[in-house]
Amino acid sequence: MSDILLSTINAKWIHPSLALRLLKANLGALEPRCEILEFALRQPLAEKTAPILAARPRVLGISVSIWNHTATVELLKALDPVWADEGVPGGAAPRPIIVLGGPEASFLQPDAELFRYADYVIRGEGEIAFRELCTRILEPAPTAILPKFIDAPPVDPALIDPGYRLYTAEDLTRKLSYVEASRGCPFGCEFCLSSAAQWGRLNRRVREFPLDKFLGEMEILIARGARSFKFLDRTFNLDIERAGRILEFFLERLEPPMYVHFEMVPSRFPRELREALTRFPPGSLRLELGIQTLNRETAARIGRPVDPERELEVLDFLRRETQAIVHADLIAGLPGEDMASFARGFDRLWQVRPTEIQLGILKCLPGTAMNRHIEPFGMRFNPNPPYEVLETAVMPPEDLDRIKNFARFWELIVNRGVFPHELSALFPEGVPIFAPFMALSDRLLEQFGRNWGIDRRDLQSALK
C-alpha cells in the first residue's frame, strides 16, 4: 500500500504514460510513497476498480485526456459508491483525496461531470504543483485551504526530473518509449490546444530540455534496452541545429529493430536536415507531418501558417530520397471548407504518396479558439468527447458521415499496406483517388453493413 497512487487509462497497453512518471519522479521526498498503476482502454471495468481499491491510497491522482475522459468518468462513478460505504468485502476502502490533471482536465468548464468526483484539479503542467499539493495533504501544515482548481504555470524543463528512469524493463522492450526534448509550440492553430488561452494567458514559447542532459538520458535508455523512441515534441525541427544533434545521436546508435518517431513542421526542411534524414536505414525513421489542410483561405481562417507547394515538395522529397515512414494528417470539417475543397486537397496529397494519410474529423477541444467559428460558419459539434464536428454550413452531416466511413476503409485498405496489388489495379498512378475511393467505401459499407470487424480475405475479395 502506498500513500499516493498515480493512475490513468492508456489508449493501448503499449502506450505507457510519461505524465505519470514525471509526476512521480518529481515528488521529491514523497517519491518512495508513490505507486503507478496503468490500465488500457479496453480492459473490463472490474480490472480497473479492483486494483485501485486494493491499493488503498490516501491520494489518487488520475491523468485525463480526450481519449480516456469517458472511461475515467465511468471508473470514478463505479468507485464512488464503494468509497461512500467505506468498505468492500474483506476490508475497508476509505475514500482517497482525488486529484485530476492532464490536458482534458486543464480546459474543461468547472461544472463538468468529471469534476464532481474530484477534490482537486491541477490545470497545467503538474510536476511542481502536484508535489506541493501532496505535501500539504500528507504533511498538513496550519495554512489556508487550497482551492479546488489549482492553476499551474509552465515549468522550466531544466528544473525537473524527466522521469525516464521509471520506465520498467518491460516498458522499454515491449512498449513505446515516450520522450520529450522540448515543450510548447510557437504556432496558434485554432483546432489545437496550443491556441488555448491558459487562464488568461496565451503562451507560445517553446521550452527546451538541456540537450546534453537529454542525450545522456537517451544513452541510458538505449543501454537498458529501449528500441522505440516516440518524441512528444510538437515542433521537433523548429531549431534545426538542435534537431540535427539529436538525429546524429540516434544515427550513430541505431541497431535494428530500433526506430525513432518525430513530429515535424512540414515547411521547415533545410538542406542540412534533409541530408541527415537520407541516412536513416529502412524502418528506423518515422515522421508525422501535420498538413491538416491545403486550402490557403481555410488555413488563414484558423491561424495556421501554410505553404502548400513547399509542404508537398517536402513530402515528395521524403518519398523519393529517404527511407522514412511518413504519416501525413488531414482534417475534414474545418470552418468554411466544403467537400469539393477537401477532395482537392486529398488528391494533391495523394500525388506525393506519403506512407499513410491519416484522415481526421475536426474536434472542438475545450479551451481552444475553434469556438469562435461556430456561429459564423454554422458549425455544430458533439458536446461529448472527442467533440467531433457534426455539421457545418458547407459540410452537412451526411457528407461528414461519408468521410468517416471513407477514413475507416482507407485505414483498412491503404494505410495498412496489405492490398498493394488490388490498390494499384483500382487506382492507377497519377489518377485522382478521392472520388473513386469514396464510391468504393460507400459500396463496401452497403455490402458489409459495417466498416469494422471485416475478415481480411472477405475485404480482399470485395476489392476484385
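Reader: What makes arginine 286 a charge over the ring of tyrosine 259?

Author: This is a predicted model, and in it arginine 286 lies over the face of tyrosine 259, at 3.7 Å from the ring centre. The cut-off for the distance is 6 Å, and the charge must also lie within 35 degrees of the ring normal. A position over the face at 3.7 Å therefore qualifies. Arginine 450 lies over the face of tryptophan 452, at 5.8 Å from the ring centre, and that value is also within 6 Å.

Reader: How do you know whether arginine 242 is buried or exposed?

Author: The relative accessibility of arginine 242 is 12%. Buried means under 20%, so arginine 242 counts as buried. This arginine is part of helix H8, residues 240-251. Leaving out residues up to four places away in sequence, arginine 242 touches Ala181, Glu208, Phe209 and Leu211.

Reader: And how is glutamine 292 classed, buried or exposed?

Author: Glutamine 292 has a relative accessible area of 11%. With the limit at 20%, glutamine 292 is therefore buried. It belongs to strand E12, residues 285-292. Beyond four places in sequence, the contacts of glutamine 292 are Phe191, Arg304, Asp329, Leu330, Ile331 and Leu334. The C-alpha atom of glutamine 292 is 9.5 Å from that of valine 306, a residue 14 places away along the chain.

Reader: Why is the pair of phenylalanine 236 and phenylalanine 262 called stacked?

Author: The structure holds 20 aromatic pairs. In this one, the ring centres of phenylalanine 236 and phenylalanine 262 are 4.1 Å apart, with 25° between the planes. Ring centres within 6.5 Å make a pair, and planes under 30 degrees apart make it stacked; 25° is under that limit, so the term applies. The pair links distant parts of the chain, 26 residues apart: phenylalanine 236 is in the loop between strand E10 and H8, and phenylalanine 262 is in strand E11, residues 259-264. Both phenylalanine 236 and phenylalanine 262 are buried.

Reader: Why is the pair of phenylalanine 346 and phenylalanine 406 called edge-to-face?

Author: Phenylalanine 346 and phenylalanine 406 have ring centres 5.2 Å apart and planes at 85°. Edge-to-face needs over 60 degrees, so 85° puts the pair in that class. Phenylalanine 346 lies in helix H12, residues 339-351, and phenylalanine 406 in helix H13, residues 397-415, so the pair ties together parts that are 60 residues apart in sequence. Phenylalanine 346 and phenylalanine 406 are both buried. They also belong to one aromatic cluster, whose members include Trp350, Trp410 and Phe427.

Reader: What makes E2 and E6 edge strands?

Author: The open sheet has six strands in the order E2-E1-E3-E4-E5-E6, with parallel pairing. E2 and E6 each pair on one side only. The twist averages 20° from one strand to the next. E1 and E2 run parallel and are joined by seven bridges, with isoleucine 9 opposite phenylalanine 39 in E2. Helix H2, residues 46-55, packs on the sheet and touches E1, E2 and E3; its direction makes about 170° with that of E2.

Reader: How do you know that E4 pairs with E5?

Author: Two bridges join E4, residues 97-101, to E5, and the strands run parallel. At least two bridges are needed, so E4 and E5 count as paired. Leucine 100 has valine 121 in E5 as its bridge partner. Between E5 and E6, residues 149-152, there are four bridges, again in the parallel sense; here isoleucine 122 is partnered by isoleucine 150.

Reader: Why is E5 described as largely enclosed?

Author: Four of the five residues of E5, residues 120-124, are buried, so the strand is largely enclosed by the rest of the structure. Helix H5, residues 127-138, lies across E1, E3, E4, E5 and E6, at about 160° to E5.

Reader: Which residues have the most contacts inside the largest nonpolar core?

Author: They are Phe229 and Ile413, in a core of 100 residues. H13 gives the largest share of this core, nine residues. Among the residues that phenylalanine 229 touches are Val179, Met218, Phe250 and Tyr259.

Key:
Residues are numbered from 1 along each chain as its sequence is written. This is a predicted model: local features need pLDDT of at least 70, side-chain atom pairs count only at pLDDT 80 or more; totals for chains, interfaces and linings use all residues. Side-chain values use heavy atoms; hydrogens and water are left out. Buried means under 20% relative accessible area, exposed over 50%, partly exposed in between (1.4 Å probe, protein chains only). Contact means heavy atoms within 4.5 Å. Rings of Phe, Tyr and Trp (its six-membered ring) pair if their centres lie within 6.5 Å; planes under 30 degrees apart count as stacked, over 60 as edge-to-face and the rest as tilted. Axes are lines fitted to C-alpha atoms, for helices over the stretch in contact, and angles run from 0 to 180 degrees between N-to-C directions. A nonpolar core is a set of buried Ala, Val, Leu, Ile, Met, Phe, Trp, Tyr and Cys residues joined through side-chain atoms within 4.5 Å.
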